[in-house]
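User: Got a structure to go through. Can you take me over the surface, the helix packing and the charge pairs?

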Amino acid sequence: MKINGNFINTSFRFSGHIPESLRGLADDGELFNCPDLLFLEEEYMNSCDRFSKIVDKFKIKKFNSNLSLYTNNEIKKIDDFSKEVELYHKIIDENNINGLQKNDLMISVSHFEKYEKSPKVKSIQSIYILLFLSSMTEYCDNKFNFKIKISDKEFEQQIVFSETNNFDLFPIYSWIISSKENVQTRLRIVRELIVRKKNFDLINKDLDSAKSAFNRIIAEETDDYFTQVNILKDDFMKLSERQRKSYQSLHLKFLGWGTSIALFIYGELKNQPSKNLWKRIFFSGTEKSYLFLVIFLISLLTIWILFKKEMNQNKKDYSKIKDFYTKQLFFESEDFSSFVDAPEISKLYTIIFYIILGLLLIRIFLLSFTSI
């Protein structure tokens, strides 16, 4: 069924029958530009003589799961393009664009594929892709000057909106955004291809060349990645060895400390009757016992403090290595952490230390109390 009416700015004024599916949306015979409805967009674009009008039409659209398309007298849900819009906006936000507000250019280039794509609509789609591909864009008096600059080389081309361009850039745009992780690498390859070719008119052969270049780069990056992984393993092996030595040193110091206590107790009890042993151990009030207990307490604290200092240094080294690999070499934090855990003092060791410390303090307290 043909819909009679005309566009007034971005709204549509019905001059005849209003389709039943649109009656709830029309207000006094006028359908305003809805954020979640695509209505006769191709007809609107074909009638526009200025790109600014296209921007006014699409800048309020929400290309998410709520978006619908009016077609064949029905309103139908279409794809969710929100991730593409986010990626598109991220790229053009890094580009130098004068004469247009970047926030007004949040659009899904892929959604143009839902239209029949007249030459005018295809040309408009290409302009949005050129905004994406170009590192610098000047827009003034309905004219675009698109420029790509790489090192000391650059290419620029002027395009007039009123003149339909014949670029077929959607295939190469689709390839660039096909992987969020590699979008910058793919974009750089295409930009270098355009600068070398001195033309924005990319064909299938150019896309094949871009794919080949990308595969070579990924292969080289993969080799570099595994080289860095091997270096990372070596770094962690050294760190793990230092951690192992810290625990080994702690064990030896505790063994020596325990041996000293055992020798002291043996010296105190070797000439004592067996029935007084436990009383002598826990309630002996001699000055010698008090002095040795204080020495044992200080020794225990010294051993623990030195151990904690070593472990804290291991933690600092771990953090430095992690910062280097995640911030300088761009390893994923999760990928980095999967190799080895950060150095930590075992809870069991901490519990044992505080139990021994507590027993020594209680013994000293009892000794002080019995001597009063």
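This is a predicted model: local features need pLDDT of at least 70, side-chain atom pairs count only at pLDDT 80 or more; totals for chains, interfaces and linings use all residues.

Analyst: Surface first, with the rule for patches: they are made of residues with over 30% relative accessible area and no salt bridge, like charges being joined within 9 Å and nonpolar side chains (Val, Leu, Ile, Met, Phe, Trp, Tyr) within 5 Å. Areas come from the Shrake-Rupley method with a 1.4 Å probe, and for residues only the protein chains shown count as cover.

User: Which residues form a nonpolar patch on the surface?
Analyst: Ile351, Ile355, Leu359 and Ile362 do, with about 400 Å² of accessible area together. Ile351 sits in helix 11 (residues 347-371). Helices are DSSP runs (H or I, at least four residues), numbered from the N terminus.

User: Packing next. At what angle do the axes of helix 2 and helix 4 cross?
Analyst: Roughly 85 degrees, for helix 2 (residues 51-58) and helix 4 (residues 119-133), whose axes come within 12 Å. Therefore helix 2 is roughly perpendicular to helix 4 (65 to 115 degrees). Axes are lines fitted to C-alpha atoms over the stretch in contact, and angles run from 0 to 180 degrees between N-to-C directions.

User: Which residues make the contact?
Analyst: Phe51, Ile54, Val55 and Phe58 of helix 2, against Ile124, Ile127, Tyr128 and Leu131 of helix 4. Contact means heavy atoms within 4.5 Å.

User: OK, charges. How many salt bridges are there?
Analyst: The count comes to 10. The rule is a side-chain nitrogen of Lys or Arg within 4 Å of a carboxyl oxygen of Asp or Glu.

User: What does Lys57 meet in a salt bridge?
Analyst: Glu41, at 3.7 Å, N to O. The pair links distant parts of the chain: Lys57 is in helix 2 and Glu41 in helix 1 (residues 41-47), 16 residues apart.

Terms used
Residues are numbered from 1 along each chain as its sequence is written. Side-chain values use heavy atoms; hydrogens and water are left out. Helices (H or I, at least four residues) and strands (E, at least two) are DSSP runs, numbered from the N terminus. Angles under 35 degrees count as roughly parallel, over 145 as roughly antiparallel, 65 to 115 as roughly perpendicular and the rest as oblique.
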